[in-house]
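Subject: Structure for you to look at

Hello,

Here is the structure I promised you. Please open it and keep it in view while you read my notes below.

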Amino acid sequence: MAQMIRRTEPCPICQMPVKTDGAKLVTKRDGKLYFFCAPGCRDKFLAGGRAAKPKGRWGRFLDRLARANAKEFGSSGPTCCG
Ligand SMILES: [Zn+2]
C-alpha cells in the first residue's frame with residue numbers, strides 16, 4: 001500500500017518540517033517512511049527514543065515504538081551499552 005508523501009513531512013522526533021524531495025535521512029518502519037531533520041533525530045528514532053521524557057502521549061508513543069522494536073529486532077535491543 002503506497003504511503004502518501006507530502007513535499008514536507010514532520011520529523012517524528014522534533015516535528016520540524018523535512019523536505020522529502022531528495023531527503024537522505026529516511027527510515028522505513030511498519031511499511032511507513034519517516035523523514036528526519038538531522039542524523040541525531042534518526043538515531044533517537046532508531047534507538048527507540050529512550051531519552052528521559054515526560055509520560056503521557058509521548059510516553060505511550062515510545063512504548064508502542066519499543067514494542068515495535070522488540071517485535072522487529074528482539075527484546076534485547078542494542079548491545080553497545082550493556
Ligand atoms: Zn528532528
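First, a term: a residue is buried when its relative accessible area is under 20%, exposed when that area is over 50%, and partly exposed in between. Also keep in mind that this is a predicted model.

Now turn to helix H2, residues 57–73. Which residues of H2 are buried? They are Gly59, Leu62, Leu65, Ala68 and Asn69. What covers them includes strand E3 (26–29) and helix H1 (39–46). H2 has 17 residues. From its first C-alpha to its last it reaches 24 Å, close to the 24 Å expected at 1.5 Å a residue. After H2 comes glycine 74. Its phi is positive, near 90°.

Alanine 66 also lies in H2. Is it buried or partly exposed? Its relative accessibility is 23%, so it counts as partly exposed. Its C-alpha is 8.9 Å from that of alanine 47.

Next, the zinc ion. Which residues coordinate it? Cys11, Cys14, Cys37 and Cys41 do, each through SG, at 2.2 to 2.3 Å. In sequence the donor residues are spaced C-x2-C-x22-C-x3-C. The angles among the four donor atoms run from 99 to 120°, and the site is tetrahedral.

Cysteine 37 has a relative accessible area of 31%, so it is partly exposed. Cysteine 41 is at 10%, so it counts as buried.

Best wishes

How values were computed: Residues are numbered from 1 along each chain as its sequence is written. This is a predicted model: local features need pLDDT of at least 70, side-chain atom pairs count only at pLDDT 80 or more; totals for chains, interfaces and linings use all residues. Side-chain values use heavy atoms; hydrogens and water are left out. Donors are N, O and S atoms within 2.8 Å of the metal (3.2 Å for Na, K and Ca); water is not among the atoms, so sites may look incomplete. Four donors count as tetrahedral if all angles lie between 85 and 135 degrees; four count as square planar and six as octahedral if opposite donors are over 155 degrees apart and all others between 65 and 115; anything else is irregular. Buried means under 20% relative accessible area, exposed over 50%, partly exposed in between (1.4 Å probe, protein chains only). Helices (H or I, at least four residues) and strands (E, at least two) are DSSP runs, numbered from the N terminus. The expected span of a helix is 1.5 Å times one less than its number of residues. Contact means heavy atoms within 4.5 Å.
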